[in-house]
Amino acid sequence: GSDYLMRVLDDVIKDEIPFKDATFVLEDLASKGFISSEQSRILLYAVQDKALANPIKMENRLRANILRNALVNLYRRGEGSS
């Protein structure tokens, strides 16, 4: 659980993540049961380029921050309900 999430956050997401990699991460987490398919789909909508469009071109950094915060909070919520 938490070891896998930490590896994903530290080694895969890092400070920036392209949409293609974010898609892979979320699909992998859903397939392992860490998040639901619905949660994965919602997060993908939240981090797609269209949702993050900005004039400074910081989509990858914003995407990483959104994924990092969402996954940590989903994990914490899951721990509390166990």
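**Helix packing and core**

Analyst: Happy to! This is a predicted model. Helix 1 and helix 2 pack with their axes 12 Å apart, at an angle of about 175°.

User: Nice. Is helix 1 roughly parallel or roughly antiparallel to helix 2?

Analyst: Roughly antiparallel, because the angle is about 175° and anything over 145 degrees counts that way.

User: And which residues make the contact?

Analyst: Helix 1 brings Y4, V8 and V12, while helix 2 brings V25, D28 and L29. The residues of this contact divide into five nonpolar, one charged and no polar.

User: Let's move on to the core. How many residues does the largest nonpolar core have?

Analyst: The largest nonpolar core has 19 residues. Those with the most contacts inside it are I13, I17, L26, L29, L43, L67 and L71.

User: Which helices supply it?

Analyst: Helix 1 (2–13), helix 2 (19–31), helix 3 (37–47) and helix 5 (59–80) each supply at least two residues of this core.

User: What is L67 in contact with?

Analyst: If we leave aside neighbours within four places in sequence, L67 is in contact with I13, I17, A22, L26, L43 and V47.

User: What else does A22 touch?

Analyst: Not counting residues up to four places away in sequence, A22 touches I17, L44, V47 and R63 as well as L67.

User: Switching topic: how many aromatic pairs does the structure hold?

Analyst: The structure holds one aromatic pair. F34 and Y75 form it, and the pair is stacked, at 5.6 Å centre to centre with 10° between the planes.

User: Which parts does that pair tie together?

Analyst: F34 lies in the loop between helix 2 and helix 3 and Y75 lies in helix 5, so the pair ties together parts that are 41 residues apart in sequence.

User: Last one, E59. Where is it, and does E59 count as buried or exposed?

Analyst: E59 has its place in helix 5. E59 counts as buried because its relative accessibility is 14%, under the 20% cut-off. Leaving aside neighbours within four places in sequence, E59 is in contact with D49, L52, A53 and N54.

User: Great, thanks!

Note on methods: Residues are numbered from 1 along each chain as its sequence is written. This is a predicted model: local features need pLDDT of at least 70, side-chain atom pairs count only at pLDDT 80 or more; totals for chains, interfaces and linings use all residues. Side-chain values use heavy atoms; hydrogens and water are left out. A nonpolar core is a set of buried Ala, Val, Leu, Ile, Met, Phe, Trp, Tyr and Cys residues joined through side-chain atoms within 4.5 Å. Buried means under 20% relative accessible area, exposed over 50%, partly exposed in between (1.4 Å probe, protein chains only). Helices (H or I, at least four residues) and strands (E, at least two) are DSSP runs, numbered from the N terminus. Contact means heavy atoms within 4.5 Å. Axes are lines fitted to C-alpha atoms, for helices over the stretch in contact, and angles run from 0 to 180 degrees between N-to-C directions. Angles under 35 degrees count as roughly parallel, over 145 as roughly antiparallel, 65 to 115 as roughly perpendicular and the rest as oblique. Ala, Val, Leu, Ile, Met, Phe, Trp, Tyr, Cys and Pro count as nonpolar, Asp, Glu, Lys and Arg as charged, and the others, Gly among them, as polar. Rings of Phe, Tyr and Trp (its six-membered ring) pair if their centres lie within 6.5 Å; planes under 30 degrees apart count as stacked, over 60 as edge-to-face and the rest as tilted.
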